[in-house]
Amino acid sequence: LSLRALIARQRPGYALEQPFYTSEQIFTVEQRTWLARQWFLVAHSSEVSEDGSFIVRGLLGESLLIVRDKGGTLRGFYNVCRHRGSRICDRDGRSTSLVCPYHAWSYSLDGSLRAAQSLPDGVEKSALALRTVSLAEVGGLILVSLTGEPGTLESIRRELEPGLSFHGIPEARIAARRSYPTRGNWKLVLENFIECYHCFPAHAEYCRVMKHVDAVARDSPAAADTWHKRVETWRDEQAARNSPLAISSVTLKLATCSAGRAPIGGGYQTQSEDGRPVAPLMGGLSEFDGGVSTFRCEPFLFLTALNDHAVMFQFSPISAEHTDVTICWLVNRTAREDQVDVERMTWLWDITTTQDKALIERNAAGVCSRSYRPGPYSKLESLPARFVSRYLQELSSLVEASHERQLVV
Ligand code: FES
Ligand SMILES: [Fe+2]
């Protein structure tokens with residue numbers, strides 16, 4: 001079966017067939033085409049804050065160098081020496097130049113080749129600068145794409161930047177970071193992340209904290225109506241007036257790239273077990289209003305901002321059957337250690353992500369079975385259904401435009 005024929009026979013409204021979740025060949029095609037075009041949230045600005053600081057990050061099988069140059073501009077390079085291709089840096093650091101350990105070629109922080117011993121006459125150093133990747137800083141988030149079109153970045157900026165600034169994300173620091181390496185295809189991870197059909201059976205703690213679950217995890221017009229009224233009351237009586245974010249009770253029809261606010265509900269001030277604060281207020285908030293702001297640009301940019309902290313989600317496809325999931329908890333840069341209760345701050349998303357990791361790994365195990373056949377998405381899974389249809393459509397045109405269409409899977 002050709003990849004083109006496999007794509008064409010996927011049934012709308014149904015999960016994908018097995019090879020999309022298990023085939024290394026399809027993963028390789030995705031890496032070269034569809035995944036390479038996406039913008040990935042790879043770091044927070046505070047990780048590369050000073051002139052000359054640099055970080056080394058993996059993305060889609062590549063090692064990348066993200067460097068803050070002398071003028072404060074952030075730059076992205078492949079971590080590949082222009083001499084014979086060695087890796088240049090192994091770990092994060094700070095320096096005035098980047099020196100390859102193999103034969104000591106040295107590069108300026110803007111990527112240009114500064115010194116290389118005994119080059120033959122006629123070899124132009126200016127033609128040997130480090131190769132760049134597309135990189136942008138949007139409201140304190142560092143986004144990278146291997147082949148992304150700058151046009152797509154403009155909508156991300158427009159939709160997300162005002163709200164990220166309002167929440168003080170550019171001035172934040174990372175208070176905690178945990179990783180959840182997950183045995184499952186990146187699409188299973190993403191589908192899980194964007195639906196709440198599984199919330200009642202799987203996430204007791206999340207359902208207890210987040211009162212909107214009643215409206216999104218049940219197909220009940222009455223529950224949706226009750227939630228809508230609660231959001232309106234919150235908007236009129238409690239919500240911060242100076243926020244640029246739209247307040248919305250709708251979550252099942254969220255735009256692919258969007259930001260918005262709603263209350264946590266139940267008098268909770270933040271996403272802690274008892275709803276009490278875990279850190280000092282962030283950004284433009286002058287008092288707790290109990291709101292939760294969500295920032296999303298499917299498929300790889302998700303951030304949730306509470307009044308006193310924010311939760312940044314990173315997804316990194318490693319192979320057909322492995323995905324790295326990393327969560328960073330952000331607080332105000334000026335918050336002292338003794339003002340931040342890391343245990344209570346990480347409680348909800350650590351529990352929830354550990355539960356999701358187990359769900360995804362069981363999903364991945366079942367999808368490998370010879371008996372697996374794609375099942376229908378429910379009415380409460382409109383977001384994964386939309387994602388899968390967009391993925392197939394875009395993958396199809398990329399495959400048609402390349403030699404991959406004949407690939408036999
Ligand atoms: S490979 Fe880097 S200096 Fe030779
Ligand atoms: Fe979940």
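**Exercise 1: A loop and its peptide bond**

Task: State where Pro-299 lies and what kind of peptide bond joins Glu-298 and Pro-299.

Solution. Step 1: Pro-299 is placed in the loop between strand 13 (291-297) and strand 14; helices (H or I, at least four residues) and strands (E, at least two) are DSSP runs, numbered from the N terminus. Step 2: the bond that joins Glu-298 and Pro-299 is a cis peptide bond, with omega about 10°. Step 3: as a general rule, most peptide bonds are trans.

The model is predicted, so local features need pLDDT of at least 70 and side-chain atom pairs count only at pLDDT 80 or more, while totals for chains, interfaces and linings use all residues. Residues are numbered from 1 along each chain as its sequence is written, chains are lettered from A and ligands numbered from 1 in the order in which they are written, and side-chain values use heavy atoms, with hydrogens and water left out.

**Exercise 2: From strand 14 to strand 16**

Task: Determine how strand 15 pairs with strand 14 and with strand 16.

Solution. Step 1: strand 14 (residues 301-305) pairs with strand 15 in the antiparallel sense over 4 bridges; two strands pair if DSSP finds at least two bridges between them. Step 2: one bridge partner to locate is Val-311 in strand 15, which belongs to Thr-304. Step 3: the link between strand 14 and strand 15 is a hairpin through 4 residues. Step 4: strand 15 and strand 16 (residues 322-332) run antiparallel and are joined by 9 bridges. Step 5: here Pro-317 has Thr-323 in strand 16 as its bridge partner, and a hairpin through 2 residues joins the two strands. Step 6: of the 10 residues in strand 15 (residues 310-319), 9 are buried, where buried means under 20% relative accessible area, exposed over 50%, and partly exposed in between (1.4 Å probe, protein chains only).

**Exercise 3: The surroundings of a helix residue**

Task: Describe the place of Asn-192 and name the residues with which Asn-192 is in contact, leaving aside its neighbours within four places in sequence.

Solution. Step 1: Asn-192 belongs to helix 6 (residues 186-193). Step 2: Asn-192 counts as buried because its relative accessibility is 9%. Step 3: with those neighbours left aside, Asn-192 is in contact (heavy atoms within 4.5 Å) with His-198, Asp-356, Leu-359 and Ile-360.

**Exercise 4: The whole chain**

Task: Summarise the secondary structure and the burial of the protein chain.

Solution. Step 1: the protein chain contains 12 helices and 16 strands. Step 2: among its 409 residues, 52% are buried. Step 3: the C-alpha trace spans about 80 × 55 × 35 Å along its principal axes.
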